Amino acid sequence: MPEAVAPAEQVIAQVLHRRMDDEKSLIAGERGAVAYRIAELMVHAKELYTQTLPRLTKEVNSELPMEEELSGLRMTLLHLRDLITDFDNAFLDAMFIERKNNPDAVYDQWRDPEADPDADASGDSDDWTDEDLGVGEDGENG
C-alpha cells in the first residue's frame, strides 16, 4: 500500500512554522495561521504558473476557448486576492499581538505627539492633509 503524501500546503506550512519557531518570529500562537496562509498562496501561485499559463499560451492542449480560459483565470485571481487578504489579516493580527506584548521593543522610536514641536495645533500629526492627498482647496486633484 502506498504511503500517504501530505498536501503541499501542509508541508510548506510546517517548514515555515518550524523556521518561525526557530527564530521566535511573531507570537507563538499566531505562527501556524501565518505559515498556512503563506503556504496557500505559494501553492496557488505555482498552479497559476505551471497549469494555467501553459493552457493560456497553448503550450499544452486546452479544449476551452480563450474566453473561457480567461474567465477561469479571473476566478483564480479573485481567489488569490482573497488568500492575500487572509494572509494580510493573519499577519497583521500576529504583529498587533506582538506589539501589544512588547510595546517597548516595537515602539522604541515612538514620541508623544503632544510633546512633538512639529505636530500641528491639534496634536494630531498623523492626520492626512489635503496636500498629502494631492487635493487642492477646491476639492479637485492638482
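Colleague: In what order do the elements of the chain run from the N terminus on?

Modeller: In this predicted model, the elements run α-α-α-α-α from the N terminus on, and the chain has 5 helices and 0 strands.

Colleague: What makes Glu40 count as buried or exposed?

Modeller: Glu40, which has its place in helix H2 (residues 28-56), has a relative accessibility of 12%; because buried means under 20% relative accessible area, Glu40 counts as buried. Across the chain of 142 residues, 20% count as buried.

Colleague: Which residues is Glu40 in contact with, leaving aside its neighbours within four places in sequence?

Modeller: With those neighbours left aside, Glu40 is in contact with Glu9 and Leu83. Glu9 is one of the residues in H1 that meet H2, and Glu40 itself is among the H2 residues that they meet.

Colleague: Which other residues in H1 and H2 meet?

Modeller: On the H1 side they include Ile12, Ala13, Leu16 and Met20, while on the H2 side Val34, Ala35, Ile38 and Met42 are among them.

Colleague: Where in the chain is confidence lowest, and where is it highest?

Modeller: Among the helices, H1 (residues 8-23) has the highest confidence, at a mean of 95, whereas helix H4 (residues 103-106) has the lowest, at a mean of 59. Over residues 106-113 the pLDDT is below 50, and this stretch has 7 contacts in the model beyond near neighbours in sequence. Residues 119-124 also stay under 50 in pLDDT, and for them the model has 4 contacts beyond four places in sequence. For the chain, the average pLDDT is 81, with 68% of the residues scoring at least 70.

Colleague: What share of the contacts with a separation of 6 or more comes from residues 24 or more positions apart?

Modeller: Residues 24 or more positions apart account for 52% of those contacts in the chain.

Colleague: How much of the accessible surface of the chain belongs to carbon and sulfur atoms?

Modeller: The accessible surface comes to about 11200 Å², and carbon and sulfur atoms hold 52% of that surface.

Terms used
Residues are numbered from 1 along each chain as its sequence is written. This is a predicted model: local features need pLDDT of at least 70, side-chain atom pairs count only at pLDDT 80 or more; totals for chains, interfaces and linings use all residues. Side-chain values use heavy atoms; hydrogens and water are left out. Helices (H or I, at least four residues) and strands (E, at least two) are DSSP runs, numbered from the N terminus. Buried means under 20% relative accessible area, exposed over 50%, partly exposed in between (1.4 Å probe, protein chains only). Contact means heavy atoms within 4.5 Å. Accessible areas come from the Shrake-Rupley method with a 1.4 Å probe; for residues, only the protein chains shown count as cover. pLDDT is the predictor's confidence in each residue, from 0 to 100.
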